[in-house]
Each structure stands twice: as structure tokens, then as C-alpha cells.
Amino acid sequence: MTSPLQKNIIQIALNKLTQLGLLTLLFLTSLPGHAQNNAQPEEEKMQWFQDAKLGIFIHWGLYAVKGIDESWSFFNGYISHNDYLKQTNGFTAKNYDPVAWADLIKKSGARYSVITSKHHDGFALWDSKFGDFNAKKASAAKRDVLSPFVNALRKEGLKVGIYYSLPDWSYQDYTHHTRDSMRYKPADDPKRWNTFLNYYQGQLKELSKTYNPDLWWFDGDWEHSSAEWEAPKVRQMLLDRNPGTIINSRLQGHGDYATPEQGMPVTRPKDNYWELCMTMNNSWGYQKNDHDYKSLDQLIGIFTDVISSGGNLLLDIGPKGDGSIPKEQEELLTGLGRWTQKHKEAIFDTSAGIPKEHFYGPTTLSKDKSILYLFVKGNPKGEIVLRGIKNKINRIWVVGDGTKLSHKVVGKIYWSHYPGIKYIQVPDYVLDENMTVLAVLLDGKIDLYREDGSVIESN
Ligand code: GLC
């Protein structure tokens, strides 16, 4: 029996424990990286992004007029800041057709697009209330060129990503101007830095309210620390407005996914969510002298490598100052679109494929892991090889073509669980002009043989 006094002590202890529990919970939820109260659970929030596979990056700004490096050309001293700014006169947007842009992006198979609302040069594509250096007030276009594109994307059912450069090298109260001239350091003039913080955070609030972006693509965070940018506060502000919004990694550790740039990861990245951003030629913005385009086959090869490793490809285009999209870029997107449309079941809403030892090429898996998709480059001249698949194969077909293929299992020993080697016959007439895709329907969830092999004990 417990006495009333004992009961009282137990009650107090329980109350304390509950309080402590609540405190711990409060502490845990305030840790960086933990889903905030107003944010959606990570997996739910990231779902569309993970299923999307392909996004189109757009670098459009003053630099397209002369066809020089975006912002970096004056920062690195290849042109004076003054001459760089003169490009505002050539930024006419007179052939700009946002509906056609969105249509082309949709046709490429992409499910989202990320556009440079403002690059490091500080030139804004929308009519910002913060400062005058924008398409409406400071360029020959004399109008907001961002809103019509965002509207067109939404009409096509595409997700909207806003690229925003944290650095603003033209803004008088920002720290950096060019590589050789820094205006000041935040610690030396906190008041001036605060003026900049209000300006950039004001722009973000404005963009957030006007466009409700599905995704934020920050850039240039390397110039200041998380504390200097007030990164956690900025993240919170954006999530308060749009709890489902996704933020890329370039916010000094306060983003949702990794953004390797240009270099295709050779081994599978450890991050759950990642996106390779890449140019079609060697430039982000339009450069009339850069004809060094990747071929469609190369782009498809890179794309399939990316999705095979569980990532997305954010493929860049650079429209001209008049708003037209260069022919080569349009052709590549159209070619990509033919291929993605034909093979959509193997691309979208799939997950990363199997380790390369089992198939010497890119692969993906259906969500329930019972269909293995094989990306076959070139002409295998006969058969392709699958190693260490323990499942029985129920059916194989050529994606987007329907032809059924036969296979043969070699080296299966009846008393061992070693699954043997599976050979699939691929006739010439089913080959795709860019890359052929095969669907292998298994008798259940894929089961891989990952052992070293064993001694044959009886013959
Ligand atoms: C780099 C460059 C920038 C480009 C970006 C795209 O961070 O500073 O010019 O826009 O990469 O990923």
C-alpha cells in the first residue's frame, strides 16, 4: 500500500518528469535540421522533388546581352563594372515568350524549373520594391519579366524554383564589389551590414509573398558565415510563409538537399537528396562564342547516371538578351523530350538502381522494387548480362516499344543459392536511337546476391 505522502511524492516526481520530457522535446525541436513545427515532415515535403528527376535551370540576365560570364566577368576584372552595366540597354526581352519557354521545358520532360531571379550582379528580373536595379526600372525591357514566366510554369503544372544570389556585388552597402575591391567587413561596420541584411531579406520576403516558390535555389553563400547571413532566420521566414518549400544546400548548412555543380559524382552520394546542376555547353548564361555543346547522347548518358544514383539533373539553358532561346539549346531539350517521353516509366517516380557490379550501366527501380530498369547504351550486339539477381524473372520488355525479350540463366547450381548469370538477348531492331531501356519484371522485390561465392563441394 502507498501512503498519501508517498502518493504525493510520486505525483511530484511524475510532474517533474513530464516537465523535463516537455523541455527535452522543446530542446530537440529547436535543434537545426529538425523539422520545425510549421514544416512538413521531410519525406513528404521532398517527395515531388525526388520523383521529378529532371529540372531546367535558366540563367537569364544582363550578361546575355554581350554574351559574357554572368556577373563574374566584372568581378574578375574582364570588363569594368560600368561597361557591364551598359548591357541594361540591350536587355530588351523583345522576343521573350514565357509561354513558349514553359512549353519547351514541359516537353523536355522536366517537372520543375529554376530561374535566376537575381544573379551576383544584383540585377533583378522582377519589379522589386527594394532598389531600382531591375528589369522594369533599369533595362530596355521596361517590365517585370519574372512574373509571366512563373505564371506560365504553374499553368503547365511545373514546379517553380527561384534562384537568388545572396551576394549582390552592385549594391552599395554589400561587402564585396570586385575581386580586388572590398567595400568593408560586417564586423567593422555592423550598421552598414544591417542595411544590406534588411535589403536582401526584404527582397526574399517580397519574392516569397509574390511567387510562393516550391523551391529556393540560393547561391554565393561562401562569401559570409551562417551567422552573418542570418541563415536560420531566413530559412524560418521562408518556411513560415510556405511550409512545404524546399531549400537547396547553399544557405550555409540550412538547406534540404546537396547541389554538386558540373562534376557528375562517380560514386553514389551519401545525401538522400541531391541534384547535379550542369551546363549544356561551358557557360551558364548565353555566350554566343560557346558552341561546345554536349551531344544529346552524352546528356542522356549523364542524366541516366544521375537518376541511377538517386539524384536529379538540373540542366541549364541561357536565353539571349532578347529573350529567345538559342537553337542548339532548344534542339537538345526537344531531343531529350522525345527520349524521356518514350521511357517515362523507367525515369519518373522511380528510385535509385542497383550497384554497378550487377549490371554495367545505369539502372532504376520501380517504387515497389519489383521492376528493374536497365539503360543500355549503344548496340550490345547480342546479349546483355545481369549478375547476382536472386529473383526469378517473370517478363522482360523493351520500354516504349513493348517487344518481349527472352533470357537465359547460366551457371546456376541447383543445390546452391548462387543465382547464376542472366543473359538477355537484345535484337538490333528494338534499339532506340539514343539509349534503349529494358524493363525486367521480377517475381517480387529485388533480392541481390552480394556474397563472395563459395567452393563447389560436389560435382
Ligand atoms: C556558381 C556560380 C554561378 C552559377 C552557379 C550555378 O555558384 O557562381 O555563376 O550561377 O554556380 O550553380
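## Basis of the values

Local features in this predicted model need pLDDT of at least 70, and side-chain atom pairs count only at pLDDT 80 or more, while totals for chains, interfaces and linings use all residues. Residues are numbered from 1 along each chain as its sequence is written, and side-chain values use heavy atoms, with hydrogens and water left out.

## Setting of D121

D121 lies in the loop between strand 2 (112–118) and helix 7 (135–138); helices (H or I, at least four residues) and strands (E, at least two) are DSSP runs numbered from the N terminus. The residue is buried, with a relative accessible area of 1% (buried means under 20%, with a 1.4 Å probe and protein chains only).

Beyond its neighbours within four places in sequence, D121 is in contact (heavy atoms within 4.5 Å) with L62, Y63, S71, F74, Y84, F133, D168 and S170. With Y84, the D121 side chain forms a side-chain polar contact of 2.7 Å; such a contact is a pair of N or O atoms within 3.5 Å, and within protein one must be able to donate a hydrogen and the other to accept it, residues adjacent in sequence counting only if both atoms are side-chain atoms.

## Surroundings of the ligand

For E261, a side-chain N or O atom is 2.6 Å from a ligand oxygen atom. Taken alone the ligand exposes 310 Å², of which the protein buries 95% (Shrake-Rupley method, 1.4 Å probe).

Technical notes. Buried means under 20% relative accessible area, exposed over 50%, partly exposed in between (1.4 Å probe, protein chains only).
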